[in-house]
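Dear colleague,

I am passing a structure to you with this message. Please look through it first; my notes on what was found follow below.

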Amino acid sequence: MTDYAIAGRNLTMQFGTFRANDDITLAVPAGERRALIGPNGAGKSTLFNLLAGQLRPTSGTVTLLGRDVTRVPAHRRARLGLARTFQLTDLLDELTVRENVQLTLAAQSSAHRVFWRPLGSVGTLAAEADAVLAQWDLGDFGDRLVRELAYGQQRILEIALAMSRNPQVLLLDEPTAGLSPADARKLTGLVAALPRTITVVMIEHDMEVAFTLSDQVSVLQQGRVIAAGTPDEVATDNRVLEAYLGEAADA
Ligand SMILES: Nc1ncnc2c1ncn2[C@@H]1O[C@H](COP(=O)(O)OP(=O)(O)OP(=O)(O)O)[C@@H](O)[C@H]1O
């Protein structure tokens with residue numbers, strides 16, 4: 001049997017009478033890169049919120065590393081190995097870049113702390129934070145306030161923070177949205193270089209980025225998965241072309 005890192009099965013999310021997700025099944029094997037694409041309003045963010053635990057499904061289940069987490073809140077899923085980024089950055093603007101990393105590392109070590117082992121000292125955390133920043137090419141920006149960073153650097157920092165939690169599954173919500181072509185290329189390269197021990201699921205509007213980064217693509221439309229396959233298969237799938245042409249015609 002395949003080991004799925006994260007899987008949603010028969011997920012339905014009903015908001016009043018509206019079904020934002022309608023019986024969606026999405027099972028991502030360990031190590032895979034999976035892109036979720038689809039027209040605006042297709043239900044991609046809702047599906048992410050169900051996988052990460054920001055929403056509870058009306059029906060259906062979510063498993064993380066083989067464990068049923070449907071009723072497990074987001075912060076506990078994070079401790080079980082799931083990290084996500086948000087469409088709008090989730091950084092603490094008035095703190096420095098290094099302080100943002102230190103806080104994440106401190107939260108991480110307190111989550112795993114055992115009572116006889118003290119929390120790492122501030123100096124150790126600062127050194128660890130600098131190592132994280134160097135790894136993500138942000139080594140020169142440790143003392144800067146987050147709000148002083150360029151938007152592209154903020155998006156990279158967000159992924160660096162998510163990765164500093166040592167996740168096994170990483171959910172990226174539109175990682176290149178709002179970036180210049182140069183920043184989008186840089187970020188695409190960084191995501192492509194993530195170790196294969198990590199499973200990555202991403203919502204991505206830029207087809208080139210989605211197809212470059214993913215092994216498999218799932219296409220959503222009106223709350224359902226209408227196609228799934230390799231980038232080549234999906235790019236030539238008539239239902240997908242119709243979904244996107246339909247959106248262009250409606251615009
Ligand atoms: N909390 C909510 N209450 C009511 N309707 C909602 C709620 N959240 C999402 N929806 C609706 O569900 C549908 C799917 O939204 P969702 O944000 O999941 O789509 P999406 O594919 O991520 O779209 P986009 O690409 O524009 O971000 C939309 O019509 C949206 O208005």
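To begin with the terms, helices (H or I, at least four residues) and strands (E, at least two) are DSSP runs, numbered from the N terminus. Two strands pair if DSSP finds at least two bridges between them. With these terms, β1 and β2 form a hairpin that has two residues between the strands. Gly16, which lies in the turn, has a positive phi of about 60°.

Two points on the source should be kept in mind. The model is a predicted one, in which local features need pLDDT of at least 70 and side-chain atom pairs count only at pLDDT 80 or more, while totals for chains, interfaces and linings use all residues. Residues are numbered from 1 along each chain as its sequence is written.

Strand β1 (residues 4-15) and strand β2 (residues 18-29) run antiparallel and are joined by eight bridges. Tyr4 has Pro29 in β2 as its bridge partner, and Met13 is bridged to Asn21 in β2. β1 also pairs with strand β4 (residues 59-64), in the antiparallel sense and over five bridges; Ala7 stands opposite Thr63 in β4. These strands belong to an open sheet of four strands in the order β2-β1-β4-β5, with antiparallel pairing. Because β2 and β5 (67-68) stand at the edges with a single partner strand each, one side of each is left without a neighbour in the sheet.

The six-stranded sheet

A further open sheet has six strands in the order β6-β7-β8-β3-β9-β10, and its pairing is mixed. Its edge strands, β6 (82-84) and β10 (224-229), each pair on one side only. Within this sheet, neighbouring strands are turned by 15° against each other on average, direction ignored; such angles run from 0 to 180 degrees between N-to-C directions, and axes are lines fitted to C-alpha atoms, for helices over the stretch in contact. Strand β3 (residues 33-37) pairs with strand β9 (residues 216-221) in the parallel sense over four bridges, and Ile37 stands opposite Val219 in β9.

Helix α1 packs on this sheet, where it touches β3, β6, β7, β8 (199-203) and β9, and its direction makes about 150° with that of β7. Contact here requires that the C-beta atoms of two residues, placed from the backbone, lie within 7 Å. α1 also lies across β1, β2 and β4, running at about 120° to β1.

The domains

The protein chain is divided into domain 1 (1-72 + 169-191 + 198-251) and domain 2 (82-166), with bounds that come from an automatic or database domain assignment. Their contact takes 17 residues from domain 1 and 13 residues from domain 2. On the domain 1 side, α1 (44-52), β7 (169-173) and α6 each supply at least two residues, and β7 gives the largest share, five residues.

A pair of helices

Helix α5 (residues 151-164) packs with helix α6 (residues 181-192) at an angle of about 15°, their axes being 10 Å apart. The two helices are therefore roughly parallel to each other, a term used for angles under 35 degrees. Gly152, Arg155, Ile156 and Ile159 in α5 meet Asp183, Leu187 and Leu190 in α6.

With kind regards

Methods
Angles under 35 degrees count as roughly parallel, over 145 as roughly antiparallel, 65 to 115 as roughly perpendicular and the rest as oblique.
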